[in-house]
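Subject: Structure handover

Hi,

Here is the structure we talked about. Please load it first, then read my notes below.

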Amino acid sequence: MENVIFPFPLIREGQKEFMEDVKHAVEGGNILIAHAPTGIGKTAAVLAPALQYAVENEKTVFFLTSKRSQHKIAIDTLRLIKERAKRNFVVVDVISKQSMCPRAVSIYREFYSLFSEFCRSEQKNKRCHYFMKRDEEALRRIRESIMHVEELYSWCTTRGICPYKAALEVAESADVLVCDYNYLFSADISERVLEKVDRDLEEIIIIIDEAHNLPDRIRNNLSSELRMSNVTEAARGLKHTNREMYANLMELESIFTKLTMKAGKTKKEEMNVAKDFLVEEMEKVLRRRIEALSYDDFVNSLRSIAEGFETSKVNKDELFQRNVLGVADFLASWRTSEKCFRIFSLSHKENPSLHFKLLDPSVISEPIFARAHSTIMMSGTLCPTEMYADVLGIGVASNWIKGKEIVLREYKSPFPKKNRLIVVTKELTTKYTKRGEEMYRKVAEKIGEVAKYVRGGVAVFFPSYALLKSISVYLPEGVRRRAIVERREMKKDEKNRLYETLKNGNEGILLAVLGGSLSEGMDYESNMLKAIIVVGLPLGPPTLEVKTVEGYYIGKYGAEKGKLYGYLYPAITKVMQAAGRGIRSEHDRCIVILMDYRFAQFPYKNCFPSDYDMIVTDGAEEYCRKFFK
Ligand code: SF4
């Protein structure tokens, strides 16, 4: 790897191979999809060759992350490269505009439309002094040093300039931009950002960190839910001030009632709703008004009402504003021309809801990958790589997309195999037909038996809060005394406190859910988790949404792949994410116990990477005892 400035004295096993693949991808303008387990040192291995190529060929690297916590490692690695290279390159770390705005009140973080209007009007009317002030010295400093976004924020606000504006000004000359997925995968944001940084997609090298999150993130970006109670509350707030809009919202509420009756007749809790149904039902009413309105006029009127509110008023007003904006944003995005599924649900009986979501993320990702100079997607759980290629629209059989080579790679974990033991219990399951007191009791007893032999922290991850609760009731006293329990309503800082308790307690037992922040993304330091127990397979309940996605993929890829893509792999990814929390360095040791016999059976077993060696046994506690002996 001549010329590449690697920031560490040693290149790890697997890291060199990954670096060579990255170099090949950026030099050839190709796409690399890499399943790279923890420990390979992905961030340094991807940034060093990509940056080298970008600097020499006037390209910009977009290092995209799904979480704010992932920015730090990228920035720290770039600092190390800079130290070793002793040459200058420009790096800018940014997050969303509203999160970087020193004037943003909390409601702006929830409703981008409201914030955007506020910011636009403040700029236009020269009321934002942060925006008005220019400070070349501040920009020079951002250009010359590599700042974490928090440092950039406090540096700019201390000097009285807008952090977001400053970051994007410097980004024009940046070699690397560390930012959220939305900077490229949310159409309106990416257009603005690319224009600001004066770059075409063809000049960009995309690196996607924790890329297993990308399909869902793209889907969720184009999704929304509206509860009937939001409509009722929004209407109530307008009852005495705007009779016409009050009446319009009550009509919207009556559409929910109509759908409830229709669902009642078919005895179904959920049903599909056509896009035009809502639009036409609303327009029927709106056109009859003295001053006839279109559907879009109605949405705009709601927005104007919400924007007219002073956010500094009492909380009650803010709640009303939230409801009105929630209704307006939902109705506006409901009309999207992208292919979405739209569902009416009675799962909360007294409070029915309408929701929609993008069906196929490839409609957004494929054109981006086709145009970008090159793309590297990486994650410790990007397995199977073929599925991600298919789901993101680049899995064509020929392996070529518009002249680009698609390279799929699965690297092996560099950590000693003997440090991780994977055990599947024979008798236990959370299969729906086997659920009940007897099974819950058995699972709880097994958790107790295993926990007795673990020297250190334990994490037990459940498929849902409901199962966590049902099984916890039967946990033996010894486990209950050590238990640290995640609850559905917990906020981020409360979950961080759970982590601290576990870290300081040495022998705590964390009870949490799969797919949550404690089972994904959380970095358990210093081998604090010595055992990870996964209770059951977290297959999604057979909701209309799950069936619709599965049906779509069956139509696109055939029955076998369709079921895997729409149903099984998302569950296995959650399990692999949780199982990967135990070992973060080559000296860490951890036993993973998968408490469901289905993990060892077809088709589930085949969904795991080839280096997932499983022992199937009735005596998980015995393996545990020997492992810690
Ligand atoms: S210009 Fe900057 S500081 Fe002013 S409102 Fe907009 S984001 Fe906030």
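In which hand of crossing does α14 pass α15? The crossing is left-handed. Keep in mind that this is a predicted model.

**Helix pair**
Helix α14 covers residues 228-238, and helix α15 covers residues 243-266. Their axes lie 8 Å apart, at an angle of about 160°. Angles over 145 degrees count as roughly antiparallel, so α14 is roughly antiparallel to α15. On the α14 side, the contact uses M228, V231, T232, A234, A235 and L238. These meet M245, Y246, L249, M250, L252, E253 and F256 in α15. By class, the contact has eleven nonpolar residues, one polar and one charged.

**Ligand shell**
The ligand is surrounded by 13 residues. C101, C119, C128, F131 and C162 are the closest. Eight residues of the shell are nonpolar, four are charged and one is polar. Three helices each supply at least two shell residues: α6 (112-124), α7 (129-132) and α10 (163-171). The largest share, three residues, comes from α6.

**Sheet**
There is an open sheet of four strands, in the order β6-β9-β8-β7. The pairing is antiparallel. β6 (223-227) and β7 (270-272) are the edge strands, each pairing on one side only. From one strand to the next, the twist averages 20°. Strands β8 (residues 340-345) and β9 (residues 353-358) pair over six bridges, in the antiparallel sense. C340 has L358 in β9 as its bridge partner.

Best wishes

Terms used:
Residues are numbered from 1 along each chain as its sequence is written. This is a predicted model: local features need pLDDT of at least 70, side-chain atom pairs count only at pLDDT 80 or more; totals for chains, interfaces and linings use all residues. A residue is near a molecule or strand if its C-beta atom, placed from the backbone, lies within 6 Å of it. Ala, Val, Leu, Ile, Met, Phe, Trp, Tyr, Cys and Pro count as nonpolar, Asp, Glu, Lys and Arg as charged, and the others, Gly among them, as polar. Two strands pair if DSSP finds at least two bridges between them. Axes are lines fitted to C-alpha atoms, for helices over the stretch in contact, and angles run from 0 to 180 degrees between N-to-C directions. Angles under 35 degrees count as roughly parallel, over 145 as roughly antiparallel, 65 to 115 as roughly perpendicular and the rest as oblique. A crossing is left-handed if the near helix is turned anticlockwise from the far one by less than a right angle, and right-handed if clockwise. Two residues are in contact if their C-beta atoms, placed from the backbone, lie within 7 Å.
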